[in-house]
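Let's take a friendly walk through this protein, from its overall build to its charged side chains. Here is the structure to keep beside you as you read.

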Amino acid sequence: MRPGIHIVDDDPDIRDGLAWLFDSRGFQSQGWDGGPAFLDAVLALQGQWGQAVVLLDVRMAPMSGPVIFDQLKALGCPWPVLFLTGHGDVGTAVAAVKQGAWDFLEKPFHDNELVDRVQQALAAASVAQQDDAEARRLRQALASLSPREREVLDELIRGHYNKNIADHLGITARTVEFHRAHIFEKMGVSSAIELAHKLGRLQPLV
């Protein structure tokens, strides 16, 4: 199992202290003394991300925290990033949050607060991962629909009844019922309302 907490900080005392903290709370952690080695390890995952949170120091050399964060985004890495910052770097951390970082904490921070933030980030990442998996399933199901099924689906999500759909498409109501049942089975829904609700999350529809 890959570590759940990646600690990227060039201060060995901070890395060791945070590793002890999270290990004592039942998390798996791994420390990195800088961006290059950490990014090499991320790249080696080849998109098999699992769930993790990155604790990222703002001020490091030769690669700063914000630069590492930009590289993570470029790689498509979904891990929440929590910046650890000194007082003089708060503005930089705020800017990173505006660019998609999860949050930041100013040193010195309280252990319990840090652990709470990490737990919140992991929970949010888990929900996002489930949503992404459901979106992929729905897109695959949409792609599996026949042209006629897709026509019926478009009518269904507009709230049209079987008889109206039959009239619009020039087919019988029984044929509409047949296609409707197949659509519901493929999409994993039990009603047109549920179908419309799920498809509303996919923008744009494919």
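## Surface and burial

Accessible areas here come from the Shrake-Rupley method with a 1.4 Å probe. On that basis the protein, which is a predicted model, exposes about 11,400 Å².

As for the interior, 39% of the 206 residues count as buried.

## Overall build

Nine helices and five strands make up the secondary structure.

Along the principal axes, the C-alpha atoms fill a box of roughly 75 × 30 × 30 Å. Looking at contacts between residues at least 6 apart in sequence, 63% join residues at least 24 apart.

The protein carries 20 positive and 27 negative charges, and their mean positions lie 11 Å apart. Side chains of opposite charge can pair when their charged atoms come close. A search of the whole structure turns up 13 salt bridges.

One of these salt bridges joins the side chains of Lys107 and Asp57, at 3.0 Å from N to O. The two residues are 50 apart and link distant parts of the chain: Lys107 sits in the loop between β5 (103-106) and α5 (111-144), while Asp57 belongs to strand β3 (residues 53-57).

## A network around Glu134

Which residues does the salt-bridge network containing Glu134 link? Glu134, Arg137, Glu194 and Lys198 are its members.

Within helix α5, Arg137 and Glu134 are three residues apart, so about one helical turn separates them. Their side chains meet in a salt bridge of 3.1 Å, N to O. Arg137 is partly exposed at 28% relative accessibility, and Glu134 is partly exposed at 23%.

Glu134 also forms a salt bridge with Lys198, where the closest N and O atoms are 3.3 Å apart. This pair links distant parts of the chain, with Lys198 in helix α9 (residues 192-199) and Glu134 in helix α5, 64 residues apart. Lys198 counts as buried because its relative accessible area is 17%, under the 20% cut-off.

Definitions and conventions:
Residues numbered from 1 in each chain as written. Predicted model: local features only at pLDDT ≥ 70, side-chain atom pairs only at ≥ 80, totals over all residues. Heavy atoms only, no water. Salt bridge = Lys/Arg side-chain N within 4 Å of Asp/Glu carboxyl O. Helix = DSSP H or I, 4+ residues; strand = E, 2+ residues; numbered from the N terminus. Buried < 20%, exposed > 50% of the residue type's maximum accessible area, 1.4 Å probe, protein only. Contact = heavy atoms within 4.5 Å. Lys, Arg positive; Asp, Glu negative; His and termini not counted. Charge placed at Lys NZ, Arg CZ, Asp CG, Glu CD.
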